[in-house]
Amino acid sequence: MEASSGTRRRRLNRGGDRRANAAHRIALTRSRCDRRTRDYLDRRTAQGLTRRETIRCVKRYVAREIYNLIRQLNPTTEFPRTACQT
């Protein structure tokens, strides 16, 4: 979903299943505990992104990862497509 008018960034949809929207907590925990995520944050910061923007990137990555895991658990369930997936 669009973050606001006039920008090129998106944000996660806060509606829907609240348990599935835990990407923010997961991203913050990974940034403290997971070496791969810390390396990724360092790399993105070196590219000129702010800390907030790098966390936003991690949240998108986590959301995609969780979505794929859910689809693997429920292969017969058809999930609705969002504007971002078209």
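## Contacts of Val-62

Contact here means heavy atoms within 4.5 Å. In this predicted model, Val-62 touches Ala-23, Ile-26 and Arg-30, leaving aside residues up to four places away in sequence. Val-62 is among the buried residues of helix 3, and Val-62 also belongs to the largest nonpolar core.

## Overall layout

The protein chain contains three helices and zero strands. In sequence order the pattern is α-α-α. Of its 86 residues, 17% count as buried.

Taking contacts between residues at least 6 apart in sequence, 36% join residues at least 24 apart.

## Helix 3

Helix 3 covers residues 51–73, which is 23 residues. From its first C-alpha to its last, helix 3 reaches 33 Å, close to the 33 Å expected at 1.5 Å a residue.

The buried residues in helix 3 are Thr-54, Ile-55, Arg-56, Cys-57, Val-58, Lys-59 and Val-62. Their cover includes helix 1 (23–33) and helix 2 (35–46).

## The largest nonpolar core

Six residues form the largest nonpolar core: Ala-23, Ala-27, Leu-41, Ile-55, Val-58 and Val-62. At least two residues of this core come from helix 1, and at least two from helix 3. Helix 3 gives the largest share, with three residues.

As a general background, nonpolar side chains in soluble globular proteins tend to be buried together.

## Helix 1 against helix 3

Two packed helices are described by the angle between their axes and the distance between the axes. For helix 1 and helix 3, the angle is about 115° and the axes are 8 Å apart. Helix 1 is therefore roughly perpendicular to helix 3. Their crossing is right-handed.

On the helix 1 side, the contact is made by Ala-23, His-24, Ile-26, Ala-27, Leu-28, Arg-30 and Ser-31. On the helix 3 side, the residues are Arg-51, Ile-55, Val-58, Lys-59, Tyr-61, Val-62, Glu-65 and Ile-66. Among these, Ala-23, Ala-27, Ile-55, Val-58 and Val-62 are also members of the largest nonpolar core.

Just after helix 2, Gly-48 has a positive phi of about 105°.

The axes of helix 2 and helix 3 come within 9 Å and cross at roughly 130°. Because of this angle, helix 2 is oblique to helix 3. Helix 2 passes helix 3 in a right-handed crossing.

From helix 2, the residues that meet helix 3 are Thr-37, Tyr-40, Leu-41, Arg-44 and Thr-45. Their partners in helix 3 are Arg-51, Thr-54, Ile-55, Cys-57 and Val-58. Leu-41, Ile-55 and Val-58 also belong to the largest nonpolar core.

## Thr-37

Leaving aside residues up to four places away in sequence, Thr-37 touches Arg-30, Ser-31 and Val-58. Of these, Arg-30 and Ser-31 are listed in helix 1 where helix 1 meets helix 3, and Val-58 is in the helix 3 set that meets helix 2.

Notes
Residues are numbered from 1 along each chain as its sequence is written. This is a predicted model: local features need pLDDT of at least 70, side-chain atom pairs count only at pLDDT 80 or more; totals for chains, interfaces and linings use all residues. Side-chain values use heavy atoms; hydrogens and water are left out. Helices (H or I, at least four residues) and strands (E, at least two) are DSSP runs, numbered from the N terminus. The expected span of a helix is 1.5 Å times one less than its number of residues. Buried means under 20% relative accessible area, exposed over 50%, partly exposed in between (1.4 Å probe, protein chains only). A nonpolar core is a set of buried Ala, Val, Leu, Ile, Met, Phe, Trp, Tyr and Cys residues joined through side-chain atoms within 4.5 Å. Axes are lines fitted to C-alpha atoms, for helices over the stretch in contact, and angles run from 0 to 180 degrees between N-to-C directions. Angles under 35 degrees count as roughly parallel, over 145 as roughly antiparallel, 65 to 115 as roughly perpendicular and the rest as oblique. A crossing is left-handed if the near helix is turned anticlockwise from the far one by less than a right angle, and right-handed if clockwise.
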